[in-house]
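Dear colleague,

I am passing on the structure below, and after it you will find notes on what came out of going through it. Please read them with the structure open beside you.

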Amino acid sequence: MTTPAEPLIEVRDLRHEIDGRCVMAAPAFAAVRGEHTLLLGPSGSGKTTLINVITGLITPTSGEVRIAGQVMSALPAAQRDQLRRRTIGVVFQTLRLIGALSVRQNLALAQRLALGQNDSAAIESLIAQVGLTHRADARPRELSQGEGQRAAIARALCAKPAIVVADEPTSALDDANAIAMSDLLLATAEATGATLLIATHDNRLRARFDRTLTLATPQVAA
Amino acid sequence: MTLAGLSLAYLKDRALNTALNILLLTLSVATLVILVLFSSQLAERFERDAQGIDLVVGAKGSPLQLILSSIYQVDVPTGNIPLATVDLLRADPTVAEVIPLALGDSFRGYRIVGTEPAYVENFGGVLAQGQMFAADYQAVIGAQVARETGAGLGQKFVGSHGLSGDGHDHEETPYEVVGILAPTGTVLDRLIVTPVGSIWAAHGFAAPPVEGDAEDHDDHAGHDADHDHDHDGDGHQDHAAHDHEDGHEDGHDEHAEAEPEHAAHAGGGDLEVTALLIKYRSSMAAVRLPNFINKQTELQAAAPAVEMTRLLSLLGVGIDAVRAFAILLMATSGLSIFVALYSALRQREGDMAMLRVMGARPGAIFGHIVLEGVLLAAAGALLGVAVGHAVVAASAASFPQLRDMGLTAARFETAELVIVMAAIGMGALAALIPALKVFRVDIAKTLADTR
């Protein structure tokens, strides 16, 4: 467990290679509870790889990521799954909502997987918070892009995770929707006290975050 | 929402595919269930109706026809035999019991069987109401006859000539119901039993007194003493007055050759019965008696066990062919489930990866995919059982012969449970290979590759 002052995310000397080629080299950084961080970088800078390392989906070539004090890559697969399930909510650019389920069911499944039980009131409250009460029974294919993104944010937050990470959540949106989306993420993270990390190449979001980190494209060795 | 709920949601999401897979499995399971119900009930009924009977003696002809007509009451008799045969066989020391049967008439499709109380006792028949017949034209009716016709004690009815119920009525010789039997689950339930003398008398012969006591052989000796009386000219004239030939034509066209003269209609003037049911006293009888009767008399002896084994083996070829077809159909539906799940999971690789991101363990996702196959198979299997029973119920309601054979949909066989378990196992097996993919999924790569 961590105290409020202790970082929930710590990244140190992180580097990941594929077939000997460096695809991500992240600067050291830490984020404490409730902190909102924008991770900016151009395409190919390894933002998605960094998100995957932070969420424990891939093991970095070197360096380490600590989540709530635990080194993610040092954990056995089952414990890694458990830590991710209980601590991290993820929003992807392509939403990744389960097509066979309604918005409400998507949230309920995520909540059940994370907490082992359903809190219907919390789900309804979250659906209302993202303005989807009238679309709660709709399937993802019946939603507009904006509605789908709001549903994906709600799903990432429905288990009240300590950390919310988002990978390019606004890349396909126009200016107004991109701003609305980031504001929604900020507001909901603020409301739940979650630490927010958004990885994006979208400079439009820079102004809305107090803290911005830059991820440079890794240098290819000559 | 649980992973089990997710399995259901996926099945509902591709409803047409799910429905077709269920339909395919339903058809195969229903076919197997119908076969199980039909063959098991048929075999059991054959065994129950032939209980205690070692040999049937009747007129020359098809031995199977003799068994079907005398024991199962589903075919026309091969002909009649002299009444004197009864005493001849009763005098045989290897024979324990001889029960005569006189057939030829019916009431609303239910056969009227002239016999002795020993026939009722052979099937464990117990009177639910009234008493056993003691005189001509007294009738004891089976439970099904009572239920279907609504006949009660003291009511009178008129038998129709012929076994199919559409011959002319013997209006001048009505029967009176003196007893109603409790259900036995045997052929007795759908019979009307009366003294042999009733059958003779109904056809114009003044029957000798029948005491209704199978053990009282002296009574049968009395039959012989009365033969002259029975076969006087008046008797034959009365009988002719029934327009017997017309009755035959009206009632038995479909069995023109096989239709016997009714029991009392003596070709040579002697009283006759249709068949004799024999119980052996010793196993020696099984060795000697059928051989003796078949080779040295004008009669025919047929063993129910032998004929039924032959019939079931003949039917068995057809049943095996249908069973093989149904199993093939089930294997096809298993393959169909496999293809459906394999194809669906290829499209759902992104969902699987997302479930892993949300923290679902690989084993839990594996279980949810197998559950999808199991749910499909279970739905098909249970629907198949329901459809199988519905078809059997409809068949029994539509075809009197099947109903008369005692075919019922209200019984469940252990083999049906085996079929259901096999179908569910097959569904799980069909889901296994697609489900195993979850252990090999590279989440990050899948999320990158799928949109």
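Chain A and chain B bury about 2200 Å² between them, 63% of it on carbon and sulfur atoms, where buried area is the accessible area (1.4 Å probe) that two parts lose on being put together, summed over both. This is a predicted model, in which local features need pLDDT of at least 70 and side-chain atom pairs count only at pLDDT 80 or more, while totals for chains, interfaces and linings use all residues. Residues are numbered from 1 along each chain as its sequence is written, chains are lettered from A and ligands numbered from 1 in the order in which they are written, and side-chain values use heavy atoms, with hydrogens and water left out.

Across the interface, 25 residues of chain A are in contact (heavy atoms within 4.5 Å) with 24 residues of chain B. The two chains have three salt bridges between them, a salt bridge being a side-chain nitrogen of Lys or Arg within 4 Å of a carboxyl oxygen of Asp or Glu. B:Asp13 forms a salt bridge with A:Arg139, with the closest N and O atoms 3.0 Å apart.

Within chain A, helix H3 (residues 103-115) packs against helix H4 (residues 120-129) at an angle of about 130 degrees, their axes lying 10 Å apart; helices are DSSP runs (H or I, at least four residues), numbered from the N terminus, and axes are lines fitted to C-alpha atoms over the stretch in contact, with angles running from 0 to 180 degrees between N-to-C directions. Among the residues that meet there are A:Leu107 in H3(A) and A:Ile123 in H4(A).

Best regards

Notes: Helices (H or I, at least four residues) and strands (E, at least two) are DSSP runs, numbered from the N terminus.
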